[in-house]
Amino acid sequence: MASNEFVQIRWHARGGQGAKTAAGMVAEVAVAAGKNAQAAPEYGAEREGAPIKAYTRISDQPIRVHDAIYFPNVIVVLDETLLRSEDVEEGLVEDGSLLVNTKRSPAEVRQQLGLEGRTIYTIDATGIALEEIGRPIPNTVMIGALLSVTGAAEVEQIEDSIHKKFGAKLSEGMLQGNINAVRRACEEIKSE
Amino acid sequence: MPERVAKTGNDAAAYALKQINPDVVAAYPITPQTELMHKFAEYVADGDVDTEFVQVESEHSAMSAVVGASLAGARCCTATSSAGLALMWEILYVASGSRCPIVMPLVNRALSSPINIHCDHSDSMGARDSGWLQLYAENSQEAYDNVLQAVRIAEHPDVMLPTMATLDGFILSHTIEALEVNEDDVAKEFIGEYKRDYSLIDVENPSTFGPLALQNYYFEYKKQQIDAMDAARDVVLEVGREYGELTGRDYGFLDSYKCEDADVIMVGLGSTMGTAKEAADRVRSENGIAAGVLKVRCFRPFPASEIADALSGASAIGVMDRSVSFGLGGPLYHEVRSAMYGSQTPTADFIYGLGGRDIPLGDLKDIFVQLDEIRKEGKAEPDVRYVGLRE
């Protein structure tokens, strides 16, 4: 996807998986890279494990709209069980992309959802997170995967943002783990 | 150099409060304002501000505390939402009647019942007669800019009235956006020093505060408030111009977008107006409708003659109301109609987004199409329409 487009991303996850943080961080990275961005979670009755949505917009032009995203270019699914229980693909534009956290291949996901003409990306974000961070929280891996899909920022810019945002909160080991996770996401993402 | 940052609307308003460095802030948390004061409390805890931060037990107490501090000569701020503003009610009038230039970010939220945490303008609209100035923001940039300007406007010697700078709950308060913030010393110099002529604690020059004024003097007090609100008109414009020279971002009563050659114009407040500008561009290119958007930034004092001027060339007008005066209709609609007294231009009221219901770009485009039909028919029937309502 060309990086000079108006990219609209919709996130699907379960409460506790870090989708709100991820949606916001992608926007922060994009702003740090000189672009315009917007990020917002959809607020409801939040509880851990409940399906939630979040939105990120990235553009070279100022972003004026403040509505929800109905026709996303990119849909990010942090929890693959949502593929069964939610209409995650709703509104995906004809040349759009779906990015799923799963051990399965893009072809297997396509068998389930169809989505002809769209690109399907998969990444075992939970597996990578367990190995690199020691916890099954897939969000930073998915940030890396998403930015490699959209080309909205370079890996170094993501690393900078991770340092800025979590530098004071996380141990050096955890920080490095998150950065490794982002790098591996860019390398291990599969598509068709 | 000004810095470009990514912040939520709440963080943007809190950053403005940090740069204001008020003498006293008293506040009580309420969604969606909570994170604004949470952030400001961090600035206090980190020593970034010198503010006396008072954690009170209710919004009634928050407003009472800043009124007291303001009368003593302190520069004061607070912030709230929805039911919090409702609980301040009694003291809102004490603040304006006592001529306390308190600055309050108000994070717009619906009022109960049923309970709802999301955005509409019922809270601020209910307070429109309380003697406070009201500035509305389209995005986080404007929320930040309005809070800084509010200090200058409120404290101007011709004004000395409290000012609320509103931002749409969640839609702005919890959305991260790019904005430009001023350097601390630039913001500080713009705001300047505050000195109250009469102070509660100036024992050398004792004055009376909060007096009893019955049939003998009360009316004269109120006339002075009316005059101060009128005087605020020039000050809003003067401060907006000065801020524009400083930052490149000019502010006035209104933000007129492609209204000069527009056949149909949408009038409204807050974050919806950004989406409306996009909708105007879309219907211009897709439907050939000459559409314009008139954003009302300053709702109190109400810029009636400026609105009438801006709408004078339109053949159909739609007013967007995110609140309702039960038994009357949309408050902005009725004030715009009043500003247009004598005009035969068909004008419809579009009531939308109550309790945070989303107003998609597609709905705003459809409203322009409806306005174009109204233009062709020369009449608006029905004149009240509900957007996105399930029947």
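Guide: Lys295(B) counts as buried because its relative accessibility is 2%; buried means under 20% relative accessible area, exposed over 50%, and partly exposed in between (1.4 Å probe, protein chains only). This is a predicted model, in which local features need pLDDT of at least 70 and side-chain atom pairs count only at pLDDT 80 or more, while totals for chains, interfaces and linings use all residues. Residues are numbered from 1 along each chain as its sequence is written, chains are lettered from A and ligands numbered from 1 in the order in which they are written, and side-chain values use heavy atoms, with hydrogens and water left out.

Side chains of opposite charge can pair when their charged atoms come close. The side chain of Lys295(B) forms a salt bridge with that of Glu138(B), at 2.7 Å from N to O; a salt bridge is a side-chain nitrogen of Lys or Arg within 4 Å of a carboxyl oxygen of Asp or Glu. Glu138(B) sits in the loop between β6 (133–136) and α6 of chain B and Lys295(B) in strand β11 (residues 291–296) of that chain, so this pair ties together parts 157 residues apart in sequence. Helices (H or I, at least four residues) and strands (E, at least two) are DSSP runs, numbered from the N terminus. Both Glu138(B) and Lys295(B) are buried.

Lys295(B) also meets the side chain of Glu142(B) in a salt bridge, again 2.7 Å from N to O. Because Glu142(B) lies in helix α6 and Lys295(B) in strand β11, both of chain B, the pair links parts 153 residues apart in sequence. Helix α6 covers residues 140–155 of chain B. Glu142(B) is buried, since its relative accessible area is 11%. The C-alpha atoms of Glu142(B) and Arg249(B) are separated by 9.2 Å, although these residues are 107 apart along the chain.

Glu242(B) lies in helix α8 (residues 218–247) of chain B and Arg152(B) in helix α6, so parts 90 residues apart in sequence are tied together. Glu242(B) is partly exposed, as its relative accessible area is 32%.

Over all chains, a search of the whole structure finds 33 salt bridges. Elsewhere, a network of salt bridges links Arg64(A), Lys258(B), Glu278(B), Asp281(B) and Arg282(B).
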